[in-house]
Amino acid sequence: MDFAASAADALSRIADPIEQTLILILSDINMPGMTGLEMLPKVREMRPDVPIINDHRLRRSETRRKAIEGGATGLLTKPIDFTLLREDRRELGQAG
């Protein structure tokens with residue numbers, strides 16, 4: 001497991017060929033410098049094979065729609081239910 005301090009940091013790590021072992025990206029919607037929604041298409045372009053799950057505090061359907069349209073594989077609401085996240089990860093692994 002690895003963490004990035006910002007969207008720009010995450011994008012530089014994702015673009016790094018050494019990071020070919022990515023199995024899942026969990027990204028916040030609200031980040032400094034660039035939102036998770038703005039980051040989605042950039043990640044999709046670099047790594048279309050890696051599932052992306054966004055997390056956020058609000059249960060707004062508009063946010064969900066934008067995330068899915070932007071390439072998110074799933075959306076979690078904070079506080080994160082890690083049991084649900086593990087179930088989602090298993091389903092994503094079976095689908096891929």
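Trainee: Among contacts in the chain between residues at least 6 apart in sequence, what percentage join residues at least 24 apart?

Mentor: That is 52%, where contact means heavy atoms within 4.5 Å. Keep in mind that this is a predicted model, in which local features need pLDDT of at least 70 and side-chain atom pairs count only at pLDDT 80 or more, while totals for chains, interfaces and linings use all residues. Residues are numbered from 1 along each chain as its sequence is written, and side-chain values use heavy atoms, leaving out hydrogens and water.

Trainee: Why is Asn54 called buried?

Mentor: Its relative accessible area is 0%, and buried means under 20% (1.4 Å probe, protein chains only), so Asn54 counts as buried. Of the chain's 96 residues, 30% are in that class.

Trainee: What does the side chain of Asn54 reach at 3.3 Å?

Mentor: The backbone oxygen of Ser27. Leaving aside neighbours within four places in sequence, Asn54 is also in contact with residues including Asp28, Gly36, Leu40 and Leu76. Asn54 itself is found in strand E2, residues 52-56; strands are DSSP runs of E with at least two residues, and helices are runs of H or I with at least four.

Trainee: Which residues have the most contacts inside the largest nonpolar core?

Mentor: Ile25, Met39 and Val43, in a core of 15 residues. Such a core joins buried Ala, Val, Leu, Ile, Met, Phe, Trp, Tyr and Cys residues through side-chain atoms within 4.5 Å. Helices H1 (7-15) and H2 (36-46) each supply at least two of its residues, with H1 giving the most, 4. Beyond its neighbours within four places in sequence, Val43 is in contact with Leu11, Ile14, Ile25, Pro48 and Ile52.

How values were computed
Buried means under 20% relative accessible area, exposed over 50%, partly exposed in between (1.4 Å probe, protein chains only). A polar contact is a pair of N or O atoms within 3.5 Å; within protein, one must be able to donate a hydrogen and the other to accept it, and residues adjacent in sequence count only if both atoms are side-chain atoms.
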